[in-house]
Amino acid sequence: MTQPFPPPGFIRVESAIPGIVVYAPAPEEDEAQPAIVEFKCPQCQATTAYSVVDGGLRCAHCGYYEPPARAIVGKGAQGFEFTVETLSIASQAHGWGETRQELQCQNCNARATLPPGRLTHTCPFCGSNRVLQQAAPQDALRPRFLIPFKIEANACRPIAENWLSSSWMTPKSLKQSTVAGFMGIYLPYWTFDTVTLAEWKAEVGHQETRRRYNSATKSWESHTVTVWRWESGRVRKFFDDLLVSGTAKLSRVLLTQLQNYDTHALVAYEPQYLAGFLAQAYDVPLEKAWEEGREAMRAATRKACRDQASTSQIRNFSMALDFSEESWRYVLAPLYLAVYRYNGQPYQVMINGQTGAIAGQRPVDWNKVWLAVGASVAPGALLSLIGLLGIVLGALLPPTLAVGMVLLALGVVLLIAGGVIAFNIINKARRMGDA
Amino acid sequence: MLELWETEVVVAVCPHCDWRYVVPTEKATLRCPHCFAADLEPVVDDVEQLPYLRPPELVTPFTVTKAVADKRIEEFADGIPFAPRDLNPETLRSRVQRLYLPMWLVDSDVMATWGAEVGFDYNVVSHRERYSDGSGWDTQQVQETRIRWEARVGQLERHYDNVVAPALEQHAAMEQALGAYALDVAQPYAAGDLARALARLPDRAPEAAWADAAPTLQAAAGEECRQAASADHIRQFRWSPTYTGQHWTLLLLPLYATYYLDDDAEPRPVLINGQSGRVFGVRRASMQRAQHTALIIVAIAAVLFLLSLVAGVAGLAAPPLLVVGGIGGVLALCVGLGGIIPIFRAWQFNRKPVETL
Ligand SMILES: [Zn+2]
Ligand SMILES: [Zn+2]
């Protein structure tokens, strides 16, 4: 053999049989991950931070720029299997630290205590940025990929103000209030890829018109009957990057409203991306998130099955579903968080750091709401009253009796329609307030 | 070199099939236990020039006794319709000979560099769901074993003992017929081993047999490398071995050989593994005997027919005889048709694939 032995990249490993030497490929060592990464400008020693506009590190002091070391991987980002080993480890430990961390700023010696799961720290005294990288219990369980920020922090204010004035239900004075202090944070997400294979069967109802001879009236009458027939089918549904939030610290309702992240923008994790932002490790373990993801997938698969039926009248529906080719990823996704005050009350706003989608709580002007409710119910009520009056008057003036009855009927119909509209308005207002 | 056998032996050769044996002197003119077509002839000239005359180091003893072998022969001969006249337990038993077949065992030191892909089993969790309108979702967790393949290379310095290498050109065919032998029970050769048996001389040199031993060695080394890597599977094992200190051992394997003559008077061997008792032989019905029986039946039918004819003619005079003639005619026809049965039985039996018991 002319090649060197052992080949490059192989290291000697334990052998269970004397006389046999075994070499294995050296485990892929991610470039030594320092526990704490500091961001200092090599030119002027000032603090650098990730610049959303430039997509890399930028020194605000001298303009020094450092592009990110890794390229976009998008949907090609490596997925991991649900091995028994990973699941058991992931259920015990959290991604990167679960206790509070004590930290001393290398720059100004200020001490700080970080809440559990915090992955970054910006010193409140000197403004220096740090990314913390404790050892994860398993390599796959540290954030391996992230979606970088695409929306700038100062673009958030117009988005939020526009949104505040976009609903008629909010108080007029809200338009004047400002939302400031948007804080960029990387949130933990689990993404899941799966193929579901389902077989279903059900009785599907079909409307058929039958003619019948009525001996009493001596005539043919037609009537419709529902005929139930068994149907069955197969569904194969591919789920690509289904996102499930990895944190329970923020409102699920709001998060799902702006979860429209595009995973084509995934990049391999680099501490640079986190410089100057907050970042949080997961606190919802993989298994629990996977359960949530599966519930969403099976519900979607069940709907796809029911959609295959030839009509929407379905009974005795049953199905069997197999999950296959399951894989998962632990990623970080960008979000801006802000709290604004209105009448002394705090309200939360969130903006998707990639797409700019916004969700949050808004105060509701209940006077406006009740006015709208009244307006939608009023025509029906009024018409019904007039109709009643006409009926009562019919005792004296017979022709009004018929008019009254017609008006009453019309009024009742309008009243019902108005009620439905009012119900929707109240619901929407309530959702807006306490989301 | 024959004196090394420590018993009175000569070399004998079969003029028909050319197999060469070492035989006890008093058995030098036996029927050849391979082709059974000729009697052995002692080799007189230049005996010492023949290759591989040295006695074997090891002998796998007969563990199947003559009594058991006889019983297997009886089972072999049993249940064959219209068996050839020569295929009967008595003749088969009377012709049984004890025979040893040679086999090489090689020991070798091996030094090599090797490479392979080794596989490790791991379990992944998946889910199956059932849904029905009545009872909602029912989730079932399932585990599936997958293999993670990884590259390994290494060096090997091992000694391998008793790697099997054929000493006969027909070794593979013999093994197919007789089944495998357990080699760990082999004992050192003793003079008494050849007292009642013949020993076939090797016709393959160790050098030639080495070509067959090398793959076996590679397979053994591959399996050891798998164990060394603590892996569950191995594939694409490749190595560049250097062999030293090869040592060859000759081993004898026991069997009983007998034969019967078929319809064409051709000898048909019946072999019994002397260790496991497995029987190899062709069990066939004799078409000749079946035809013979058929002919007799047809003859009876013809006689019957003639008698009926006579009865029929007589019936012209005495009408009741006409009935007897009619019945006789029908009977003759039936018996005549029955003549096909023996031929059919024999044909059907011979259609079955060659059996080993
Ligand atoms: Zn600088
Ligand atoms: Zn012969």
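Among contacts in chain B between residues at least 6 apart in sequence, what percentage join residues at least 24 apart? It's 74% of them. Keep in mind that this is a predicted model.

**Chain B by itself**
- You'll find 11 strands and seven helices in chain B.
- Chain B has 357 residues, and 45% of them are buried.

**The contact with chain A**
- Chain A puts 37 residues into the contact, and chain B puts in 34.
- About 3,000 Å² gets buried between chain B and chain A, with carbon and sulfur atoms taking 54% of that area.

**Polar links and who supplies them**
- Between chain B and chain A there are 21 residue pairs in polar contact, counting pairs with both residues at pLDDT 80 or more.
- On the chain B side that touches chain A, the elements giving two or more residues are β5 (97-132), β6 (136-166) and α4 (206-228).
- Sorted by class, that side of chain B carries 13 polar, 12 nonpolar and nine charged residues.
- Salt bridges between chain B and chain A come to three.
- One of the salt bridges links R146(B) to E81(A), and their closest N and O atoms sit 2.5 Å apart.

**Strand pairing across the chains**
- Strand β2 of chain A (residues 20-25) runs antiparallel to β6(B), and four bridges join the two.
- Look at V22(A) for an example: its bridge partner in β6(B) is G154(B).
- So much for pairing; β6 (136-166) is also among the chain B elements that give two or more residues to the side touching chain A.

Terms used. Residues are numbered from 1 along each chain as its sequence is written. Chains are lettered from A and ligands numbered from 1 in the order in which they are written. This is a predicted model: local features need pLDDT of at least 70, side-chain atom pairs count only at pLDDT 80 or more; totals for chains, interfaces and linings use all residues. Side-chain values use heavy atoms; hydrogens and water are left out. Contact means heavy atoms within 4.5 Å. Buried area is the accessible area (1.4 Å probe) that two parts lose on being put together, summed over both. A salt bridge is a side-chain nitrogen of Lys or Arg within 4 Å of a carboxyl oxygen of Asp or Glu. A polar contact is a pair of N or O atoms within 3.5 Å; within protein, one must be able to donate a hydrogen and the other to accept it, and residues adjacent in sequence count only if both atoms are side-chain atoms. Ala, Val, Leu, Ile, Met, Phe, Trp, Tyr, Cys and Pro count as nonpolar, Asp, Glu, Lys and Arg as charged, and the others, Gly among them, as polar. Two strands pair if DSSP finds at least two bridges between them. Buried means under 20% relative accessible area, exposed over 50%, partly exposed in between (1.4 Å probe, protein chains only).
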